[in-house]
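I opened this entry to record what I looked up in the fold.

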Amino acid sequence: ASRARRSRAHNRALKDKKCRFVEFANFVSATFPLHLQRVLDVAGGRGDLAFELSVMRGVPTTVIDPAPFRLSSFKSKQAFGLASRQQPLPAPDPALPHSVAARWLDPQVALSYSEHLQHGTQYLFTRGLQVLAEPFDESFPQRHMALWEQTSLLLGLHADQPTEAIVDLALAACKPFAVVPCCVYPTLFESRRLHGEHVRSLEQFIEYLCLKNPRIIRATLPIPGCNTVLFWHPT
């Protein structure tokens, strides 16, 4: 019985996590229809949000995260399934990165594991998905001037440490952004002050970010947990 309860709880958690990426992608598509030329998904982790934007909605997206990019097995299965419907399948390109784990071995397709991996990867990258395995900080625009020039929207869904940098850099460059703050890290950011007090709680952090520009808008996403989205666009 306890194992069944744990399994149900695990399945609910997975469903909630999947819902988080879909709902935020829906919000972005509805809120920024004119700013979807090249999106930066900061601290994009395993690429779930980028998958929803680039593959499912055709929005070119760059994932920025120091951790190695690795899609979940579910998204990998979707990627190879979509690629398999592109007939005929293109020849695998050995120059493509192998960091996307397309693990769906379809018994109806006589391909090796590495060929499945390459086909899934190739499909993702032809849909406008890019990956930068590095941190996002104040020097990012200088390190990637061409990409920064192309960027039309910055996103941070539970981006943790880079959240404030997203807001600051977007405001400085007059680029629209949307962030869903989560962890505050008060010991890491001891200089943050709100009305003279050290920013420690999530609600304080949200107010602290909103004070950076009077036109920052606050909304709520229909997802469990941290669901306050702050967004801004210059027009």
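How many helices and strands are there in the protein chain? I count eight helices and nine strands. Both are DSSP runs numbered from the N terminus: helices are H or I with at least four residues, strands are E with at least two.

I noted the ground rules. This is a predicted model, where local features need pLDDT of at least 70 and side-chain atom pairs count only at pLDDT 80 or more, while totals for chains, interfaces and linings use all residues. Residues are numbered from 1 along each chain as its sequence is written, and side-chain values use heavy atoms, with hydrogens and water left out.

**Totals.** I looked up burial: 47% of the 235 residues in the protein chain are buried (under 20% relative accessible area, 1.4 Å probe, protein chains only). I then checked the accessible surface (Shrake-Rupley, 1.4 Å probe). It is about 11,900 Å², with 55% belonging to carbon and sulfur atoms.

I traced an open sheet of seven strands, ordered 3-2-1-4-5-9-8, with mixed pairing. Strand 3 (129-132) and strand 8 (217-220) are the edges, each pairing on one side only. Pairing requires at least two DSSP bridges between two strands. From one strand to the next, the twist averages 20°.

I followed strand 1 (residues 39-42) to strand 4 (residues 153-157): they pair in the parallel sense over three bridges. Leu40 has Leu154 as its bridge partner in strand 4.

**Helices.** Helix 2 (residues 48-57) lies across strands 1, 2 (61-64), 3 and 4, and runs at about 170° to strand 2. I took angles from 0 to 180 degrees between N-to-C directions, with axes fitted to C-alpha atoms, for helices over the stretch in contact (heavy atoms within 4.5 Å). Helix 8 (residues 202-210) packs on the sheet and touches strand 8 and strand 9 (228-232), making about 10° with the direction of strand 9.

Key. Buried means under 20% relative accessible area, exposed over 50%, partly exposed in between (1.4 Å probe, protein chains only).
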